[in-house]
Amino acid sequence: MNRHFAVIAATAAVAVLTGCGVVTDSAAAGGPSPTPSSTATGGPAPTPSSAAGLGDSVKDSGDIPDPCTLLSKAEVKNLTGRGITQMDEDGATAGDVSRFCQWQQPDGQLAVFLARTTESDFQVKIAEAEPVDGVGEDAFSLAGHLYVLYGTVSIDVYSRGDSDEENLGKAKKIAKVLMTRI
C-alpha cells in the first residue's frame with residue numbers, strides 16, 4: 001500500500017472512529033462558513049491565502065488549514081451546481097497533518113482532504129490511477145478522487161453527483177481555488 005493512499009485511509013478511519021463534527025448551526029442553514037477566530041497568542045488567526053495576501057501560504061510548511069474554512073457555502077454551490085444539506089467537519093486541531101471537510105448535497109457530495117506529503121511519496125501511485133494535466137505540480141485521478149500535489153500539500157477532491165467527466169472537471173476547478181488559499 002503506498003503512503004499517499006495510507007494517509008487518506010488513515011484520515012477516513014479517524015473520521016469514522018471519532019465521528020464527524022456535524023455543523024447544525026447557521027452554516028448548515030446557509031449561513032457563513034466557520035472561520036478561525038484566534039490564535040494561541042490571542043490575536044486573530046490568519047486565513048491562508050498565497051495569492052490574495054490574506055495570510056501566509058502553507059504550501060511548503062506550516063499547519064494544514066481546515067478545509068471547511070477555505071470554501072464558503074456559496075462557493076461550494078457555485079462550483080458544484082448543487083446546494084448543501086449538511087457540512088461535516090473533521091474536528092481536528094491546529095498542527096494535525098491531515099484535515100478534511102465534506103459538504104453533503106442533494107444527489108451529490110463534495111469532500112476535500114488535505115495532507116502533508118513529499119513529492120516522492122506522491123509519485124507512488126496505484127496502477128489504475130490516471131494522470132491529470134492542468135492542475136498543480138502533479139495530479140492523478142483514481143476512483144472518483146482527484147489527487148493534486150501542491151508544494152508539500154496533497155489535495156484530494158472528491159466531487160460526486162454528475163458524470164465522471166463532469167465530476168473531474170469540477171474537482172479541477174475546486175483544486176485550483178483551494179491552491180490560492182493554502
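Predicted model: local features only at pLDDT ≥ 70, side-chain atom pairs only at ≥ 80, totals over all residues.

Biologist: Why is the contact of Asp66 with Arg99 called a salt bridge?

Modeller: The closest N and O atoms of Asp66 and Arg99 are 3.8 Å apart. The rule asks for a side-chain nitrogen of Lys or Arg within 4 Å of a carboxyl oxygen of Asp or Glu, so the pair qualifies.

Biologist: What makes this pair a tie between separate parts of the chain?

Modeller: Asp66 lies in the loop between strand 1 (21-23) and helix 2 (73-80), while Arg99 belongs to strand 3 (residues 98-105), so the bridge ties together parts that are 33 residues apart in sequence.

Biologist: How do you know whether Arg99 and Asp90 are buried or exposed?

Modeller: Arg99 has a relative accessible area of 7%, and Asp90 has a relative accessibility of 11%. Buried means under 20%, therefore Arg99 is buried and Asp90 is buried. Their side chains meet in a salt bridge at 2.8 Å, N to O.

Biologist: Which residues are joined into one network?

Modeller: Salt bridges that share partners join Asp66, Asp90 and Arg99.

Biologist: How many salt bridges does the rule give?

Modeller: The count comes to 5 salt bridges.

Conventions:
Residues numbered from 1 in each chain as written. Heavy atoms only, no water. Helix = DSSP H or I, 4+ residues; strand = E, 2+ residues; numbered from the N terminus. Buried < 20%, exposed > 50% of the residue type's maximum accessible area, 1.4 Å probe, protein only.
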